[in-house]
Structures are given as C-alpha cells and as structure tokens.
Amino acid sequence: MLEGLLENNNVGSTGTLMPEPKPATILEWYDRHARRLPWRMPPAQSRKGRRADPYHVWLSEVMLQQTTVVTVGPYFQKFLDRWPHVSDLAAAPLDDVLTAWAGLGYYARARNLHKCAQRVVHDHAGVFPDTEDGLRELPGIGLYTAAAIAAIAFNRNASPMDGNIERVMSRLFVVDTPMPAAKPLIREHAIRMTPNTRPGDYAQAVMDLGATVCTPRSPKCGICPWQENCRAFAQGLTEVLPRRTPKPERPVRRATAYWMVRKDGAVLLRRRPESGLLGGMMEVPSGPWEEIGEFRDTPPVTADWVDLPGLVEHGFTHLRLELKLKAARVDGRVKADGVWIAVADFDNHALPTLTRKVVRHVLAHVGRGIKL
Ligand code: SF4
C-alpha cells in the first residue's frame with residue numbers, strides 16, 4: 001500500500017520523477033539553523049558525540065506535550081533549579097511538584113512525571129533506560145516520548161512522531177488521506193527516512209523545520225532545504241496538507257460553582273476526586289458537570305447566595321465546560337468539604353487554570369458593584 005502511494009506521488013509538477021529527500025540535507029541545515037533550547041545539546045557538540053542529559057530531554061518532552069516552547073522555557077528552568085537531578089524530583093513531595101507545574105495544564109502529566117522519577121530512581125538506580133521499549137515501561141512515557149528520548153539522549157534510530165514531523169512528512173510525500181487515518185502511512189515514511197547517522201539530531205532537525213519553516217499556514221518553502229524534493233511544493237499542495245477530518249462539536253457540560261467566603265476573608269476550596277478531569281486538583285466547589293440545558297442550582301450550604309454575572313468557560317480536549325457562579329458570605333463553622341484558604345495564599349497551592357479563571361472572575365465582580 002505504501003509502495004503504491006509512493007509511486008503515485010513520486011512526481012513533480014512536470015510529471016518527472018522526484019528524488020527522495022536526503023537526511024544529510026536537513027542535517028546540514030540543522031547545523032546552521034538549529035534552535036537554541038536549554039534542554040538541547042547544540043549540533044557542534046553533538047557531532048563530537050556529546051549527548052543531552054536524558055533527565056533534561058525527558059522533562060522537556062513531557063512539558064512540551066500540548067504546550068509551546070516559549071511557555072515551557074521558564075518552567076524547565078524552574079524545575080532544574082529546584083530539582084537538578086531525577087533523584088531530587090523523585091524525593092520531592094507530590095504537592096510541591098503539582099504547585100510548580102501549575103499553569104502547564106493536564107495535571108495527570110505532572111503526577112506521572114513524579115511517579116516516573118520515582119521508578120527511575122527505585123527500579124533503575126537513577127539511570128533512564130536507553131531503549132524505546134525500556135522507556136515505554138515507565139509511567140507517562142508513550143510512543144512519542146520514548147522515541148524522542150531514545151533518539152535525542154541516546155542517539156538511537158527512533159522516529160518520534162509529533163504534529164510538526166507529521167506535517168513535514170505529509171507534505172514531502174503528499175499523503176492525501178485525512179488525519180488521523182493518515183498517521184500509519186506518515187509514520188512509515190518517517191521511519192524509512194530516519195538515518196542511522198545522527199538520528200537524534202535528525203529528529204530535532206525535522207521538529208525545527210516543522211516549527212520554523214514548514215509551518216501549518218504559509219510554509220516558507222523558499223528557504224526550505226528540502227524544497228527540491230517536496231512533492232507538495234511541486235504539486236502546489238502545501239497549503240492543503242495535511243488534510244484534516246472536521247472535528248465534531250465538543251459537548252458542553254454545565255454546573256454552578258459556589259464561592260464561599262468566611263468572615264476573615266478565607267475562601268473554601270476542595271480537592272477534586274483523584275480520578276477524572278483535573279484529578280486531585282483544588283477547585284471552587286461546584287455541582288456535578290453535566291450535559292444539561294439549564295444550570296442546576298444545588299448550593300452546598302444555606303446562605304444568602306448572590307448570582308455573579310457572566311459565565312466561566314473552559315475547554316478540555318473532549319468537552320467544553322460552562323460554570324455559572326454564585327457567591328455568599330458564610331459562617332466558618334458550616335459543614336462543607338474542603339479547606340479554608342486566604343486569597344493571598346492561593347499562589348502557594350496547585351490551582352489549575354480553570355480554578356484560576358473562576359478566582360479571577362469572582363474577584364472582578366465581588367466588591368466591585370456586588371456586595372456579599
Ligand atoms: Fe514544507 Fe514547503 Fe519544505 Fe515542502 S518545501 S517541506 S511544504 S516548507
């Protein structure tokens with residue numbers, strides 16, 4: 001099937017056969033244009049056989065899932081300053097790790113990060129396994145992360161597949177099938193292209209090309225080292241690949257959240273259940289998040305509740321959440337699950353983005369026109 005696809009798309013605009021893109025071409029480009037990133041070994045050093053620290057590569061790759069390089073930079077530095085070695089991270093209390101992670105989202109990643117550090121220390125004497133299979137045994141390390149660490153930190157012939165690499169491959173070889181059905185074919189192209197010489201630099205070179213040149217919109221084909229070998233460029237298809245299947249609308253869940261403030265200004269927050277969305281994270285208490293047309297109002301305690309204007313909206317991967325907010329001054333002795341925390345101390349707790357949005361929304365209204 002792949003051979004058929006290659007045959008059909010192996011032509012340029014004039015109908016002539018195009019040669020395969022060469023890994024050496026992009027490695028030469030990488031030697032001159034590699035992004036300087038704090039977790040990386042620069043190509044000049046890597047050519048001498050020096051490798052990036054597996055702990056740094058692992059930490060950065062976990063942080064970079066669903067997050068941009070610009071956002072990750074300061075977090076990466078903060079983690080390294082605080083936990084310079086994997087053993088330091090393994091010995092840290094989970095709450096400290098979650099608090100330091102706050103703002104990066106997807107907290108399951110932070111929990112797995114901590115678990116993974118502990119497994120590396122306890123089962124592998126603090127040394128990361130150097131194969132994809134060995135790495136995949138660890139918590140939170142999937143196909144992509146295992147391949148990225150194996151290639152970048154251990155120079156293994158591995159092919160990490162992220163959005164950047166998929167886009168470059170789908171254009172180079174004109175993979176016309178919509179995503180995600182195209183993934184296996186794109187992967188085969190990527191595996192075939194991965195060289196035995198400098199596979200770690202090669203992986204980072206393709207990542208860089210996708211991030212800086214072969215961008216989702218308006219790719220800069222004029223400065224691309226692979227332009228002569230790119231079927232999409234030759235056939236005028238760069239703007240339409242990779243093709244996407246339109247995403248179905250995400251369902252909307254609704255709930256009412258209750259801001260309870262004590263006489264001394266402390267606010268009641270509670271921890272979400274360990275499993276499920278934002279597992280174990282602190283939240284302003286709310287009713288269950290349900291797919292319902294109307295907001296249900298089930299206050300946890302009796303009080304003079306005030307409706308706050310507007311809604312807090314938050315997108316998760318598979319659903320959108322709308323929270324209506326109510327606020328009340330309550331007696332600190334009321335029976336309600338949670339802990340009372342002064343607003344000024346919120347920064348010392350691992351508050352997920354959703355909770356921060358709720359806090360911002362409340363503080364924008366209470367005391368400014370709305371009295372409790
Ligand atoms: Fe991407 Fe254009 Fe380069 Fe093709 S020529 S790989 S579309 S930047």
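This short talk walks through one predicted model, from its overall build to its ligand and a few backbone details. Residues are numbered from 1 along each chain as its sequence is written, and side-chain values use heavy atoms, with hydrogens and water left out. Because the model is predicted, local features need pLDDT of at least 70 and side-chain atom pairs count only at pLDDT 80 or more, while totals for chains, interfaces and linings use all residues.

Let me start with the whole chain. The protein chain holds 15 helices and six strands, which are DSSP runs numbered from the N terminus (helices H or I with at least four residues, strands E with at least two). Of its 372 residues, 48% are buried, meaning under 20% relative accessible area with a 1.4 Å probe, protein chains only. Its C-alpha atoms fill a box of roughly 80 × 50 × 35 Å along the principal axes.

Now to the ligand. Which residues are around the ligand? They are R171, V213, C214, C221, C224, Q227, C230, F233 and T238, each with a heavy atom within 4 Å of it. By class, this shell has six nonpolar, two polar and one charged residues.

Finally, the backbone. The peptide bond from M179 to P180 is cis, with omega near 0 degrees, and P180 lies in the loop between α11 (163-172) and α12 (183-193). S218, although not a glycine, has a positive phi of about 45 degrees, and its place is the loop between α13 (199-212) and α14.

Note on methods:
Ala, Val, Leu, Ile, Met, Phe, Trp, Tyr, Cys and Pro count as nonpolar, Asp, Glu, Lys and Arg as charged, and the others, Gly among them, as polar. Buried means under 20% relative accessible area, exposed over 50%, partly exposed in between (1.4 Å probe, protein chains only).
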